[in-house]
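Subject: Structure handover, aromatic contacts

Hello,

Here is the structure for your files. My notes on its aromatic rings follow below it.

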Amino acid sequence: MHNTPHTLSDASKATVGDDEKRWNTRALIVDDDVPIRELLIDYLARFGILGFGVSDGEGMRQALVEENYDVVVLDLMLPGEDGLSLCRWLRSESDIPILMLTARCEPTDRIIGLELGADDYMAKPFEPRELVARIQTILRRVRDDRTEQRANVRFDNWRLNSVLRQLIAADGLVVPLSNAEFRLLWVFLERPRRVLSREQLLDAARGRSIEAFDRSIDLLVSRLRQKLGDDPKAPQLIKTVRGEGYLFDARDIG
């Protein structure tokens, strides 16, 4: 990060060195209380969290442009834009986890903060060790959620688990897929509503179970359609584009 005076505290700049690679988490602390910022930066370092401190919304925005962070610790009471306004802006721009801090104990502040997208909320004064535990819990939850999202792809009334390589129907029925069928379905999901030639699909799905000739893809598509319950006479999911190949036309993929 650049040594921008209004963006980084002196302590945070001092922590950045040749051994920065050892840090596995980067936290941006947005708080105009310098002693609290310095305390948190020093304490977080004990747990492998590299802390950077800024005092206001302007510093936060600049820091986010210059570097990537895993979590933002955001104070509610700030000069200029307050923490709620910054939380709203941050959530509209990013899905980065947000932990809000406040010296006020108004329940409405906590409720509004969480409604605006904060992941957690802590009242001052607090134990630094609890803050570390809250950060670790947030990051674990976020990473688990993202892993789950990557592992499970939903389309229409189906779910494909890419880790277990299982196709799961809406009623929970597990439909077994061969390796070639899984690879073929995966390439369809990666490139939906695009005409893919037999050669493209063959390259994506080829394995020991597939011979390198065009008609093998037609047979594989036929088997996959059968497992998806896609009527071969009027397919809705895997459509044939005469003379060109196939098109995967699921209504909703996510």
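Phenylalanine 182 has a relative accessibility of 6%, and because the cut-off for buried is under 20%, phenylalanine 182 counts as buried. Please keep in mind that the model is predicted. Tryptophan 186 has a relative accessible area of 24%, so tryptophan 186 is partly exposed. Both residues belong to helix α7, which covers residues 179–190. They are four residues apart there, about one turn of the helix.

The count of aromatic pairs comes to five. In one of these, the ring centres of tyrosine 43 and phenylalanine 47 are 5.4 Å apart. Their planes meet at 40 degrees, so this pair is tilted. Phenylalanine 182 and tryptophan 186 also form an aromatic pair, and that pair is stacked, with 6.0 Å centre to centre and 20 degrees between the planes.

Which ring does the charged end of arginine 61 sit over? The ring is that of tryptophan 89, with the charged end 4.4 Å from its centre. Arginine 26 lies over the face of tyrosine 69, and the distance to the ring centre is 5.8 Å.

Regards

Definitions and conventions:
Residues numbered from 1 in each chain as written. Predicted model: local features only at pLDDT ≥ 70, side-chain atom pairs only at ≥ 80, totals over all residues. Heavy atoms only, no water. Phe/Tyr/Trp six-rings, centres within 6.5 Å; stacked < 30°, edge-to-face > 60°. Helix = DSSP H or I, 4+ residues; strand = E, 2+ residues; numbered from the N terminus. Buried < 20%, exposed > 50% of the residue type's maximum accessible area, 1.4 Å probe, protein only. Lys NZ or Arg CZ within 6 Å of the ring centre and 35° of its normal.
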